[in-house]
Amino acid sequence: MKKTLEQQLEYQKKLNSITNRIHSARDTDDILLNLQDDILLLFDADRITIYAIDGIKKQLISRIKTGNEIKKIHLSINNRSIAGYCATTGRLLNINDVHDEVKLKGINPQLKFDSSWDKKTGYNTNQVLVAPISCNKYLLGVMQLINKKSGGFFDKEDESSIQAIAKTLGIAFFKNQKTTRELRSTKFGSLVLNNIITANDLKDAMSLARRTDRPVESVLINDLHIPKERVGKSSADYYKTRFIPYDQKMSIPDELLKGLKPGYLRSNLFIPVARSGNKIVVAMEAPASLSARDAVKKLFPATQFEYCVSFEEDIHKMIDMFLNKKATGSLVETGSIEDILGQLNTGREDYEEEIEVITEEDSAIVQLVNKIIIDAYNRGASDIHIEPRQGNKNAVIRIRIDGACQVYQTIPFSYQKALISRIKIMSDLDIAERRLPQDGKIKFKKFAPLDIELRVATIPTAGRNEDVVMRILAAGEPISLDKMGMSERNLNLFKETITKPYGIVLVVGPTGSGKTTTLHAALAYINKPETKIWTAEDPVEITQDGLRQVQINSKIGFNFATAMRAFLRADPDVIMVGEMRDKETVSTGIEASLTGHLVFSTLHTNSAPETITRLLDMGMDPFNFADALLGVLAQRLVRTLCKECREKYHPTKNEFDVLARTYNGNFDSLGIEYNNDFFLYKARGCPQCNNTGYRGRTGIHELLAGTDEMKSLIQNRAKIKELKTQGIKDGMTTLMQDGIRKVCLGLTEFTQVRKVCIK
């Protein structure tokens, strides 16, 4: 129906109002959000989408859209979609029926409407009017209108109007891009580029920082509530280095801070934070500053430096914590380790030849040992390594977190023997014996307000020194089987196996692979009032109500075999033996399993099939062993990626082929194929994971079932290869295969799997 003159004037007035408001807008996104209803009303359209160009990925990304079914739309710039064709050719398209394939093919043979969008959303798309957004011959985006509300079609007037609005948007987008390019040269430009804040937000933050005499990062974090790690990542991207934030749990080796003046560090805004060989890691406010770098080089005779970025406020906090001797917060409050080390007279050398006995509760050595243990516990460490060096070099203390060692602190050379003597006293060991290894245990509650136990091992090392390794025993409740990270097949089969009335179940792997944790999870699953369960462990790390748990003591001849024989006279239903170390223990276990008992134990072998041949080589009767065996679970622990900062990426075809080749089986069974939708994850680093990129560990498993076919092979003393082949036929996935499955799930990296698996 033809419009009257008054209607035409009103229409033109609304169109001019929209273009004028876009042209004068300070923030294009904000004005478009405010104008989208006016634009829809002008065109009598049902929906609108405005796409911007991502030049790096060659994609259209929705900046403004109506309809909440899908949060964001990504389209490739090609002829296979209506908006993509508009972007490719720069042509306006007015299509009355998007389902008319003949008409679409007439425009371009590749052009089609992807009906999956309507299926996902439940929305029915019919008409589409789309125009390119450009300025100075540069394509900047696409504007798309969908469906006339009145049921008609978009007409020539609509085509003219959408081109007028698109032209105005092009000028606004170009202006914004120019501002963005200017901001890219700042430390915080990537926040704008990644759409975390707008260009105007950053300009306002810089202005507020100048007015209030505060750092820009402080305004971004405290006023705009941008996560600290995102702001730090932006600075790190700018300087092409790492971001090191302040952390109350961080430690800096004392040797790096020796002789440094807090005032000098404050004025130059840097502090050394770590040393690796001849390389010193320095946290700086401006890593590119030549004057600051020169100041660093004058202080340290190193040939290599890693200049990392940190915030001014964080550097001041580090200086306060490590050089002003301020206390740090933790799960158990303790003083600063630098404060404790400051009490030591590093000029004394008389501990070189003497055994130092520390008995005063307020001595620096007593405080130091307590501090080391509490800090390690607070950081989730499993082991503490105290390593004296030869000559007059300082002793190094390392802690193991998530399977990887990291330097915790250095201790003055002249106090290393006093430190070790104090640990021996706490462990009830002979402090005069320094030639032989010793084992002991610390009940730490006697010395500090923290109820944990530590297993202590001392070992004589070169230069008349002694190393000490303390294992923090993981006391507490068992983990649920459902949280062990097993695949559905492994979990269901393992549950079925451990609920059998009798037989033997073995969990195998190297030291520290989580075998005891898995066994206790299994015991927790079957721990019922009607079931009598005896366990023999060395040491008892995890306690459970209902279990009768026995501590092995080899010094008096109370070993695993002795404990098992005692259990058989104590009316057991289930027996768990911490480890099968010898023929006697294995024989007793098989005998118990054949006389109506369910037996659990561990073994140090590399794989499930290898376990069978190992036990047969130890002299086990193959017929008895085959009858007793229910299953063998081999496992490893791999470091998992930090979920807060893991980085998604599209791997190369070569990476994909390496995964498929290493899987060495039916890789297609994982339902994975190489295409644009296939992504993996890699470590990045953030404050939550102490900038390692990893947080926690998960298990990878290989479960061999004691099927009739497997039992037959055992009776015939089959080789490992035959056992493995049969296990795979029975549904077993190897450790490597389960690890690759977890890589594809985004839980870990392939490099972490290869570290713990033998192909």
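Predicted model: local features only at pLDDT ≥ 70, side-chain atom pairs only at ≥ 80, totals over all residues.

Colleague: What percentage of the residues count as buried?

Modeller: The cut-off for buried is under 20% relative accessible area. The chain has 759 residues. The share that counts as buried is 49%.

Colleague: How many helices and strands does the chain have, and what box do the C-alpha atoms fill?

Modeller: There are 28 helices and 24 strands. Taken along the principal axes, the C-alpha atoms fill a box of roughly 110 × 75 × 45 Å.

Colleague: What share of the contacts with a separation of 6 or more comes from residues 24 or more positions apart?

Modeller: Take the contacts in the chain with a separation of 6 or more. Residues 24 or more positions apart account for 63%.

Colleague: Are helices α20 and α21 roughly parallel or roughly antiparallel to each other?

Modeller: Helix α20 covers residues 560-568 and helix α21 covers residues 583-594. Their axes are 8 Å apart and the angle is about 20°. Angles under 35 degrees count as roughly parallel. So α20 and α21 are roughly parallel.

Colleague: Which residues of α20 and α21 meet, and what are their classes?

Modeller: From α20 come Phe560, Ala561, Met564, Arg565 and Leu568. They meet Glu584, Thr585, Thr588, Gly589 and Ala592 in α21. By class, the contact has five nonpolar, three polar and two charged residues.

Colleague: How do α22 and α26 lie to each other, and what is the hand of their crossing?

Modeller: Helix α22 (608-617) and helix α26 (720-729) have axes that come within 9 Å. They cross at roughly 135°, so the two helices are oblique to each other. The crossing is right-handed.

Colleague: Which residues make that contact, and how do they split by class?

Modeller: α22 gives Pro609, Glu610, Ile612 and Thr613. α26 gives Ile720, Leu723 and Lys724. The classes are four nonpolar, one polar and two charged.

Colleague: Is leucine 745 buried or exposed?

Modeller: Leucine 745 is in the loop between α27 (735-744) and α28 (750-756). Its relative accessibility is 51%. The cut-off for exposed is over 50%. Leucine 745 therefore counts as exposed.

Colleague: How far apart in space are leucine 745 and aspartate 582?

Modeller: In sequence, leucine 745 and aspartate 582 are 163 residues apart. In space, C-alpha to C-alpha, the distance is 39 Å.

Terms used:
Residues numbered from 1 in each chain as written. Heavy atoms only, no water. Axes fitted to C-alpha atoms, helices over the stretch in contact; angles between N-to-C directions. Helix = DSSP H or I, 4+ residues; strand = E, 2+ residues; numbered from the N terminus. Parallel < 35°, antiparallel > 145°, perpendicular 65-115°, else oblique. Left-handed = near helix turned anticlockwise from the far one by under 90°. Contact = heavy atoms within 4.5 Å. Nonpolar A, V, L, I, M, F, W, Y, C, P; charged D, E, K, R; others polar. Buried < 20%, exposed > 50% of the residue type's maximum accessible area, 1.4 Å probe, protein only.
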